[in-house]
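Please look over the sequence and the structure first.

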Amino acid sequence: MTSATTLSFATPFAPADSKLANYQRRHIPSFTWDAHACLPLDEKTPIDLLDTYVAGHIDYVCVNVGMDMNSVAHILRVIAAFRAKIAAHPDKYMQIEKFEDLAIAKSKGLLGVGFDLEGSVMLQDMPEMVPAFAKLGVKQIHFAYNRNNSVSGGCHDIDIPLTDLGVEMVKAVNSSGMIMDCSHTGRQSSLDIMRVSSKPVVFSHANPRELGGHERCIDDEQIKACADTGGVIGICGFQRFIKSKNAPEVPDMIRHIKYAVDLVGVDHVGIGLDTMPSVVGTNDFPDGVDKDFYWPAASGYGPAAGGAAVFDPRKLPTLADAMISIGYSPDDVDKIMGENFMRIAKASW
């Protein structure tokens, strides 16, 4: 990163943290998968933000490239810029195009990177747009970013069923080599998606509502429905949804992992941290769009609400070891840290 770039995280990631740098691992998972991460949606975003995931010994990270409030033109610029910057660093990163690329990246010691979309407005009410985005490297999609649209309901809006167009969109996702996600989606729409989908469905970054207590969290019925599809719930490290007093730490993550494992079994739980770095000079929220519409203060967002710290992805090795310490077997830890999401990718891509 150049000296002209200022980097800030909600959780303070200290590059010189000797405890992380010198950490002695008890168990190295077979594959570590972070199912959802955010970078600033701006073509100026420095791609070395991904080095935080490299430092966390992550093998694959799925990076957001657009939300419902972003125009198609904006999203295409971001995808083009991110792809070019990833390709410019073949010594560190690899764009994941197909399932087999995961093993190639791993064997070369590279961070595999895929893209996801948060919403469906960018699909322009055309199922034909799904395979077009898939060819650009979008490996995962959910249909609504917090608010209702023509395809699906959002989690901070009137609870509506999946629309007829939404049914067609699910079929398009299933046939286009993407993972069908239900994060940020309204309750009824998520249940409908899981009923309609012919492939496993995931919540890439969502926590049990019983513990998190937030509208963005998911209830036991949604968790069980996801597992019934063969899917995976990615435990999110975002403070507001994990309901921790301070920046989330390993015990906070363990609490949510254990709840989900106890409810639906170890085969249906993974990691989706939802880290959100910000960089001075970038702007990923379009001018003229009301942030309060997508992040309503009444639902616990905004500066007054607090709770915007995120679990440090460099602490994932300590999370894996903590699971060993409380009695999870190495095989179970491998599943939670990555193998479960790998199974979904193999079935979907």
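Are H11 and H13 parallel or oblique to each other? The model is predicted, so local features need pLDDT of at least 70 and side-chain atom pairs count only at pLDDT 80 or more, while totals for chains, interfaces and linings use all residues. Residues are numbered from 1 along each chain as its sequence is written, and side-chain values use heavy atoms, with hydrogens and water left out.

**Helix pairs**

Helices (H or I, at least four residues) and strands (E, at least two) are DSSP runs, numbered from the N terminus. Axes are lines fitted to C-alpha atoms, for helices over the stretch in contact, and angles run from 0 to 180 degrees between N-to-C directions. The axes of H11 (residues 250-264) and H13 come within 10 Å and cross at roughly 55°. H11 and H13 are therefore oblique to each other; angles under 35 degrees count as roughly parallel, over 145 as roughly antiparallel, 65 to 115 as roughly perpendicular and the rest as oblique.

| Helix pair | Angle between axes | Axis separation |
|---|---|---|
| H13 and H14 | about 145° | 9 Å |
| H11 and H13 | roughly 55° | within 10 Å |
| H9 and H11 | about 65° | 10 Å |

Contact means heavy atoms within 4.5 Å. On the H11 side, Val250, Met253, Ile254 and Ile257 meet Thr318, Leu319, Ala322 and Met323 of H13. By class, this contact has seven nonpolar, one polar and no charged residues. Ala, Val, Leu, Ile, Met, Phe, Trp, Tyr, Cys and Pro count as nonpolar, Asp, Glu, Lys and Arg as charged, and the others, Gly among them, as polar.

H13 covers residues 316-325 and H14 covers residues 330-348. Their contact is made by Leu316, Leu319, Ala320, Met323 and Ile324 of H13 together with Pro330, Val333, Ile336 and Met337 of H14. Nine nonpolar residues take part, with no polar and no charged ones.

In the pair of H9 and H11, Asp220, Ile223, Lys224 and Ala227 of H9 meet Tyr259, Leu263 and Val264 of H11. Here five residues are nonpolar, none is polar and two are charged.

**Buried residues**

Ala320 lies in H13. It counts as buried at 0% relative accessibility; buried means under 20% relative accessible area, exposed over 50%, and partly exposed in between (1.4 Å probe, protein chains only). Leaving aside neighbours within four places in sequence, Ala320 is in contact with His27, Pro29, Val333 and Met337.

Asn70 is in the loop between strand E3 (60-67) and helix H3 (72-87). At 4% relative accessibility, Asn70 is buried. Its side chain reaches the backbone nitrogen of Met67 at 2.8 Å. Beyond four places in sequence, Asn70 is in contact with Leu41, Ile75, Asp284 and Pro286.

In helix H7 (residues 187-196), the buried residues include Ser189, Leu191 and Ile193. The buried residues of H7 pack against helix H6 (164-176), strand E7 (179-181), strand E8 (201-202) and H9 (220-228).

**Two positive phi values**

Most residues other than glycine have a negative phi. His57 has a positive phi of about 60° although it is not a glycine. His57 sits in the loop between helix H2 (51-55) and E3, and is partly exposed, with a relative accessible area of 43%. Asp274 also has a positive phi, near 70°. Asp274 lies in the loop between strand E10 (269-271) and strand E11 (278-279), and is buried, with a relative accessible area of 5%.

Notes: A polar contact is a pair of N or O atoms within 3.5 Å; within protein, one must be able to donate a hydrogen and the other to accept it, and residues adjacent in sequence count only if both atoms are side-chain atoms.
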